[in-house]
Amino acid sequence: AGTSFDIDAVGTRLSSPSANRSTAMKVYAIKGNDGEPGYLKQSMKLPKSWAAKPLLEVLELFCATYNKKFPDSPISKDDHHFERPRGSTLFPDDQVGAALTDYCDVWVVPGAVKYKGPPPGTAAALEAEENRLRAEAEAEAARRTAEEEAKLAAEGKLKDQWRVKVKCVELDRGGMDVKSQYKVGDAVQVTIEPHATVGMLSNRIGLIVGSHPKHQFIYHPRDPEAVLDPLAKLKDVMSEKVVLLLHIRMPDTRKVIEELSDDEGVVGEEGPFPDAPVEGECVDVAKRDKLMEECATNPTLENLSACLACGGAAASTLCKRAQLLLKAQRPRAAALDASAALALNPDSARAYKIRGRARRLAGDYEGAAADFGQAQRIDFDPDVRPDLVYCSTRSAKIRAIKLAEEHNAALDAAKAEGEAQ
């Protein structure tokens, strides 16, 4: 069971459908296990404006949709939480943009989570702590600078401002599109007090070149290997005539591409496909009945094909031939017969299982997972679960690898375009 919707009913609709497609984040919220009662995999498009919202609002929307689909077993945001990956808790006050990524799976799991703030040990917690310490250090440096300025002003010794030049020797924006004409070799001049800190200089440079201070690395030309301490005062590390060196490096946002193991069960080339069943009613019922009797005692591929050539094919006959084709390592031909059987009987769990196994042997894991899942919904079979789990997992890995490759290719293209300009 699955559904999808765009979150726009609470005042977050974007300006146009095209804008929504270009900025929305698509995630999959999953409750339960595929094939089990109460299972739901819901596609949700979250607008860009939701990046700063807490996960609790996304969970609340999921619960509302789930309760409409399963009114007899409602769930609440107060007694459920998100996990990503499964077993790793996300917290209600985590921000959507920090906790989720495009096309990710997130599981809805029973159990209330009361913790407030980023989970300890996560990247969000480490970044929050780093930002807190940086802010405290900068605030302390600013306080000391203000005290010194006041002291110098009282003594009439307040020095004039410096005009500090900074030359860019490295510019790596990590593929980001930044509206700035600043390029390697350019120099900027910043008017600043000599007792200001290197961090304060970075803040002013950032406004000019469009770069966050944490992505800037400033060096003195006499030691181009040692980054100047952001808390150091300019007058202590340089003179006004020195031209500092600026390196701008964005963090590596390339995604790690997971290696996909070989599937030794996949069948390569196979023999010729058998003749398709004749459409329409049977024109020689007696001949067909005789062939059906032969198939009952000797269900060979030749007998079943001859029976299907008479017309008026039955879904059960198609399934029998599909099973023989599977045994003969001809999964693609088997999938065609299973599809033909489903055209005659859309509720045939047997046909879905056969086609699922055929697609799995042909390397179509996404299609196989869909077929196994539908077979389980029609008639649950515990023996099918291992195949369903394997195909679902492998399909998700293939999809993740494809998305990672596309993401990295887009970064490489953007970086090459920036270097060309």
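This is a predicted model: local features need pLDDT of at least 70, side-chain atom pairs count only at pLDDT 80 or more; totals for chains, interfaces and linings use all residues.
Buried here means under 20% relative accessible area, exposed means over 50%, and partly exposed is what lies in between (1.4 Å probe, protein chains only).

Residues are numbered from 1 along each chain as its sequence is written, and side-chain values use heavy atoms, with hydrogens and water left out.

View 1. The structure holds zero disulfides, a disulfide being a pair of cysteine sulfur atoms within 2.5 Å.

**View 2. Strand β4, covered on both faces.** Strands (E, at least two residues) and helices (H or I, at least four) are DSSP runs, numbered from the N terminus. In a regular strand the side chains alternate between the two faces of the sheet. For β4 (residues 80-83), His80 and Phe82 sit on one side and His81 and Glu83 on the other, and all of them are buried. Two strands pair if DSSP finds at least two bridges between them; β4 and β5 (residues 105-110) run antiparallel and are joined by four. Look for His81 opposite Val109 in β5.

View 3. On a 1 Å grid over the protein atoms alone, a cavity is a set of points where a 1.4 Å probe fits but cannot get out, and a pocket is an open set with protein on both sides within 12 Å along at least five of seven lines; lining residues have an atom within 4 Å of a point. Grid points are joined across faces, edges and corners, and a volume is the space filled by probe spheres set on the points. Searching the whole structure turns up one cavity of 30 Å³ or more, and the largest cavity holds about 60 Å³ of space. Helix α2 (55-69) and β4 each give at least two residues to its lining, which includes Leu55, Leu56, His80, His81 and Phe82. By class, that lining has seven nonpolar, two polar and one charged residues. In this scheme Ala, Val, Leu, Ile, Met, Phe, Trp, Tyr, Cys and Pro count as nonpolar, Asp, Glu, Lys and Arg as charged, and the others, Gly among them, as polar.

View 4. The largest pocket has a volume of about 1400 Å³. Of the 40 residues lining it, Lys41, Asp105, Ser392, Ala396 and Arg399 are the closest to its centre. At least two lining residues come from each of β2 (25-31), β5, α12 (365-378) and α13 (385-420), with α13 giving the largest share, 13 residues. The pocket lining divides into 18 nonpolar, nine polar and 13 charged residues.

**View 5. Helix α11, largely enclosed.** Ten of the 14 residues of α11 are buried, so this helix is largely enclosed by the rest of the structure. Helix α11 (residues 349-362) reaches 20 Å from its first C-alpha to its last, close to the 20 Å expected at 1.5 Å a residue; the expected span is 1.5 Å times one less than the number of residues. Among its buried residues are Tyr352, Lys353, Ile354 and Arg360. Arg355, also in α11, counts as buried at 13% relative accessibility, and its C-alpha is separated by 9.5 Å from that of Leu342, 13 residues apart along the chain. Just after α11, Gly363 takes a positive phi of about 90°.

**View 6. Glu264, out on a loop.** Glu264 lies in the loop between β10 and α7 (285-297) and counts as exposed, at 79% relative accessibility. Its C-alpha and that of Leu361 are 97 residues apart along the chain but separated by 9.3 Å.

**View 7. Strand β8 and its two partners.** Four of the five residues of β8 (residues 216-220) are buried, leaving this strand mostly covered. Four bridges join β8 to β10 (residues 243-249) in an antiparallel arrangement, with Gln216 partnered by Ile248. Strand β9 (residues 223-227) also pairs with β8 in the antiparallel sense, over two bridges, and there His220 is partnered by Asp223. A hairpin of two residues links β8 to β9.
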